[in-house]
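Hello,

The structure we talked about is pasted below. My notes on one of its sheets follow it.

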Amino acid sequence: KDQRWTKERKQNCCYQIIMKKFAVIGDILIDEYNYGNITRISPEAPIPVFLSEEDNPICLPGGASNVAYQFKNLPSEVYLLGPLDNRSKNVLQNFNFDIKLCPNMSGNNPRKIRFYQENTPIIRRDVEKKNYGIQSDELLKIQSEIKNNLTSLEPNVVILSDYAKGLFTTEFSNSIIDYCNSKKITTIVDPKHPPLNKWKGCSII
């Protein structure tokens, strides 16, 4: 039988992949863009003054939510699972995200605030606290809720999107991968930092 990797076989393979049910678990960030102009040097210090006529930044899904957003134009079922604050909920709902599987938290999602003059980046300001600014008992509760929501989904593929913001402890990562392996669910990991034993048993890294 001819097993050559023909165009038709490639298309069929891609179609079978995108028709799967995906779950994206990870650190949800908000990407914020501010546009203005450098008009002068400050008299207070030799630094540029960034002038914008309005305080109306463009807010976009970032981190794990950006990963999930990339599926929006595909006929896939995609579900996002990660802790959310109220500000981030509003941003994601503006992009028609279904956030019912995202646990609430008392902390804050990290924000990457970028300043641009036309298409030229000027500076980036990061607003974040270690582990979202929440206590360990709340983090454990969030991890447990995500695990429970995952078991109810029964996806074909789980994407673990790690931005090293605190969600993925070794115990949590291993429990998700072990569960997926027991159900023959493919796990794809995009790790931010070592150690790699945090992702032991995953399908693709």
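Helices (H or I, at least four residues) and strands (E, at least two) are taken as DSSP runs, numbered from the N terminus. Two strands are called paired if DSSP finds at least two bridges between them.

This is a predicted model, in which local features need pLDDT of at least 70 and side-chain atom pairs count only at pLDDT 80 or more, while totals for chains, interfaces and linings use all residues. Residues are numbered from 1 along each chain as its sequence is written, and side-chain values use heavy atoms, with hydrogens and water left out.

Four strands make an open sheet with mixed pairing, in the order E5-E2-E7-E8. Strand E5 (58-63) and strand E8 (120-127) are the edge strands, and each pairs on one side only. From one strand to the next, the twist averages 25° (axes are lines fitted to C-alpha atoms, for helices over the stretch in contact; angles run from 0 to 180 degrees between N-to-C directions).

Strand E7 (residues 111-117) pairs with strand E2 (residues 28-35) in the parallel sense, over six bridges. Ile30 has Arg111 of E7 as its bridge partner, and Tyr33 has Arg114 of E7.

With E8, strand E7 pairs in the antiparallel sense over seven bridges. Arg114 has Arg124 of E8 as a bridge partner. E7 and E8 form a hairpin with two residues between them, and Glu118 in the turn has a positive phi of about 55°.

Is E7 mostly covered or uncovered? Mostly covered: five of the seven residues in E7 are buried (buried means under 20% relative accessible area, exposed over 50%, partly exposed in between, with a 1.4 Å probe and protein chains only).

Regards
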